Amino acid sequence: MVLGSGVYRIGSSVEFDWCAVSTARALRESGHKTIMINYNPETVSTDFDEVDRLYFEELSLERVLDIYELENAQGVVVSVGGQLPQNIALPLQEQGCNVLGTNPADIDKAEDRHKFSQILDSIGVDQPRWKELTSVDEAEKFADEVGYPVLVRPSYVLSGAAMSVINSKAELETKLSNAAKVSQDHPVVISKFIVGAQEIDIDGVASDGNVLVHAVSEHVENAGVHSGDATLVLPPQDLSPVVLGRLKEIADKVAKAWKISGPFNMQIIKDDHNGTLGDEDCELKVIECNIRASRSFPFVSKVLGTNFIDIAAKALIKENVPEPVDLMSRSYDRVATKVPQFSFTRLAGADPFLGVEMASTGEVACFGKDKVEAYWTSIQSTMNFKVPQPGSGILFGGDLTNDKLGKVAQTVSGLGYNYYTASPEVAKYLNDFVSEKVEVIEFPKTDKRALREIFQDKQISAVFNLAGARAESLLDEDYVMRRNAIDFGIALFNEPNTTQLFAECLRAKISTKPDFDVIPDVVEIPSEVQRWSEFIGGKPV
C-alpha cells in the first residue's frame with residue numbers, strides 16, 4: 001500500500017507524485033499487487049491504471065487504517081508522499097500496521113528536533129549550536145550567548161513553515177510564538193544561524209543502515225534560502241573530492257545511526273570562515289535530515305540516470321537490493337541546474353524576498369556543458385522570463401555594505417546596458433566599480449502609474465536588488481523596486497549569488513542570443529540543444 005502526497009501546495013507538488021508513482025510501478029514490476037491512497041485528481045497516482053486498487057480517500061490515520069484492514073495489506077509505504085504520510089507513520093505502527101522501510105520510531109528521532117540534535121551529538125556529526133525552547137527568557141539567554149542571528153525550527157513541518165531567522169532581540173518574541181503555534185505537540189529548537197555559509201543537499205537511499213546510492217547537489221544561494229527555493233547544481237561544480245568524501249562519511253554515519261531503509265534527504269552547510277579554512281578543515285554541519293524522499297529525488301534521478309526510487313522500493317521490500325555504488329566518484333560531461341518558479345504576480349503586494357520559509361510554486365531543470373550554460377537555459381525556461389537585451393536599462397539597488405552589487409555591475413559592464421539607480425548613494429557606490437554613467441532616476445514610491453511610465457521611458461528590463469533583509473515598510477525603496485519589477489513583468493534578481501551567476505551568463509551568452517522580434521526564415525537549432533537521453537547517454541529515467 002502506497003500513500004500519496006495529497007493536495008498540491010507550496011512544498012508538496014508533482015515531485016512527490018513522481019516518487020509515489022515510481023514506487024508503485026517498481027513494486028508492480030517486482031510482482032506485488034499495489035494499492036494507492038490519494039485524493040488529488042491532478043496527480044498521476046490517481047490514474048486508474050497505475051495501481052491494482054486506487055482509493056480516492058483522505059490521508060488521515062482513520063481512513064488509512066480502514067483501507068489497510070479491508071485490503072489485508074502486507075505493508076504500507078509512508079516515505080514517498082512528502083510530509084503528510086510521514087506525520088502518521090508512528091500512529092500507524094502503533095495500531096499494528098507493517099510500515100515498510102525505516103522504523104517509524106527512528107523517523108520520529110529525525111523529525112523531533114530535540115532527539116535529532118542529540119543523536120547527531122552522540123555520533124560525532126557536527127551541527128550548529130542548538131537548544132530546545134522552553135521559554136522566551138531561555139531563548140534570549142541562548143541568543144545572547146551564541147550571538148544573533150539565530151534560527152527557530154518547529155518539528156514535523158513541511159516547507160519551513162514558521163521557521164524564521166531572528167536578527168535581533170526585538171523580533172524574538174513574535175517569531176517564537178508563531179513557531180510554538182505551529183508545533184504545539186512537538187519541541188521547537190533554536191540554533192545559531194551561520195551567515196554566508198554554503199548549503200548542500202544529499203539525497204540518498206539506504207538498506208538496513210548502509211547507503212546504496214547518494215547524490216550531492218550544491219545550492220547556488222547561501223544558507224538562509226529554503227532548499228525548495230534554491231537553485232541546485234548537479235554534479236557539484238565547486239566541491240572538491242575531499243569535501244565530497246567527507247559528505248559521504250556523514251551520510252554513512254547518519255544512515256547507520258537511524259537504521260535507514262529506503263529514501264532519505266539531508267541538508268548540510270559548509271562554512272570555510274570566509275575562505276580561511278581548507279577543504280580538510282572547513283566546517284560541515286548537518287541542519288536537517290528527512291527520512292523520506294525529498295522534492296529533489298526526481299531531479300537527481302533524471303540527471304544521474306539512476307532511478308533512486310527504483311532502488312528505494314527494493315530496499316523497502318528487501319528484494320533484489322543492489323550493491324552500493326558511489327555515483328559521486330564518477331566523472332560527468334554534463335551539468336544540470338534546477339531553478340525555482342514563483343507566483344508572486346498572483347500575490348498582490350507580497351515582498352518577493354526569499355527566506356527560510358518556502359515560497360516557490362514550481363521548478364525547471366535543464367542540462368548544459370557547464371554551470372553557466374545550464375543556468376542560462378534553465379532561467380529562460382521559467383514562466384514569463386524576458387532576457388534583458390543590450391541597449392535597455394538595468395535598475396540597481398540594495399545593500400551597499402559589501403562589494404556584491406558592485407561585482408554584478410562590473411560583470412555586465414561593457415555589454416551595452418544603461419545603468420540606473422533610485423538614489424545618489426547607490427550611484428556613488430557603483431561609480432567605484434564601472435566606467436558607465438549611472439543615472440539617478442525619479443522614483444515615486446506611491447504612484448504606480450508614474451513609476452511604470454518612468455520604467456517604460458528608461459526601457460528598464462531588469463532589476464538587480466541585493467537588499468540584506470525583507471522590507472519592514474511599504475515605502476521601503478528596495479521593496480518598491482522589487483515589487484514593481486514583478487508587477488511590470490521585468491526580470492528580478494535579488495539574491496547575490498544567483499544575480500552574479502546570471503550576470504556571468506549575460507557576459508558569456510547575450511551576444512549569441514538570437515533576437516526573435518522578427519521570425520527568421522531559417523532557424524538553426526543550437527548544438528547545446530539535445531535530447532535528455534543524449535545528455536545522460538541512455539534511456540531516460
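This is a predicted model: local features need pLDDT of at least 70, side-chain atom pairs count only at pLDDT 80 or more; totals for chains, interfaces and linings use all residues.
Colleague: About what omega does the cis peptide bond between Y148 and P149 have?

Modeller: P149 also lies in a loop, here between α7 (136-146) and β5. The bond that joins Y148 and P149 is cis, and its omega is about 0°.

Colleague: Is N274 buried or exposed?

Modeller: N274 is found in the loop between β11 and β12, and this residue has a positive phi of about 55° although it is not a glycine. Most residues other than glycine have a negative phi. The relative accessible area of N274 is 79%, and because the cut-off for that class is over 50%, N274 counts as exposed.

Colleague: What is the relative accessibility of N384?

Modeller: N384 is found in the loop between α12 and β15, and N384 is not a glycine, yet has a positive phi of about 65°. K386 lies in that loop between α12 and β15 as well, and K386 counts as exposed at 53% relative accessibility. N384 is likewise classed as exposed, with a relative accessibility of 64%.

Colleague: How far apart in space are K386 and I490, C-alpha to C-alpha?

Modeller: Distance along the chain and distance in space have to be read separately here. K386 and I490 are 104 residues apart in sequence, while their C-alpha atoms are separated in space by 7.0 Å.

Colleague: Is S168 buried, partly exposed or exposed?

Modeller: S168 is placed in the loop between β6 (164-166) and α8 (169-182), and its C-alpha atom is 9.3 Å from that of G147, a residue 21 positions away along the chain. The relative accessible area of S168 is 26%. Buried would require under 20% and exposed over 50%, so S168 is partly exposed.

Colleague: Which residue has a side chain joined to that of Q83 by a polar contact of 3.2 Å?

Modeller: Q83 sits in helix α3, which covers residues 83-87, and at 3% relative accessibility Q83 counts as buried. The 3.2 Å contact joins the side chain of Q83 to that of R292.

Colleague: How many residues apart in sequence are the parts that the pair of F367 and F535 ties together?

Modeller: The model has 14 aromatic pairs, and one of them is formed by F367 and F535, whose rings are 4.8 Å apart from centre to centre with 15° between the planes. An angle under 30 degrees counts as stacked, and both partners are buried, F367 at 15% relative accessibility and F535 at 12%. F367 lies in strand β14 (residues 362-368) and F535 in helix α18 (residues 532-536), so the parts that this pair ties together are separated in sequence by 168 residues.

Colleague: Which element gives the most to the lining of the second largest pocket?

Modeller: This pocket holds about 1,200 Å³ of space and is lined by 46 residues, of which V364, A365, C366, F367 and T377 are the closest to its centre. The lining divides into 23 nonpolar, 11 polar and 12 charged residues, and at least two lining residues come from each of several elements, including α1 (14-29), α10 (297-304) and α12 (371-381). With six residues, the element that gives the most is β14.

Colleague: From which element does the largest share of the lining of the largest cavity come?

Modeller: There are three cavities of 30 Å³ or more, and about 550 Å³ of space lies in the largest of them. Its lining counts 42 residues, with R153, M163, Q267, I287 and E288 the closest to the centre, and the lining residues divide into 18 nonpolar, 15 polar and nine charged. Domain 2 (129-192) and domain 3 (202-334) each supply at least three residues. The largest share, four residues, comes from β12.

Terms used:
Residues are numbered from 1 along each chain as its sequence is written. Side-chain values use heavy atoms; hydrogens and water are left out. Rings of Phe, Tyr and Trp (its six-membered ring) pair if their centres lie within 6.5 Å; planes under 30 degrees apart count as stacked, over 60 as edge-to-face and the rest as tilted. Buried means under 20% relative accessible area, exposed over 50%, partly exposed in between (1.4 Å probe, protein chains only). On a 1 Å grid over the protein atoms alone, a cavity is a set of points where a 1.4 Å probe fits but cannot get out, and a pocket is an open set with protein on both sides within 12 Å along at least five of seven lines; lining residues have an atom within 4 Å of a point. Grid points are joined across faces, edges and corners, and a volume is the space filled by probe spheres set on the points. Ala, Val, Leu, Ile, Met, Phe, Trp, Tyr, Cys and Pro count as nonpolar, Asp, Glu, Lys and Arg as charged, and the others, Gly among them, as polar. Domain bounds come from an automatic or database domain assignment. A polar contact is a pair of N or O atoms within 3.5 Å; within protein, one must be able to donate a hydrogen and the other to accept it, and residues adjacent in sequence count only if both atoms are side-chain atoms.
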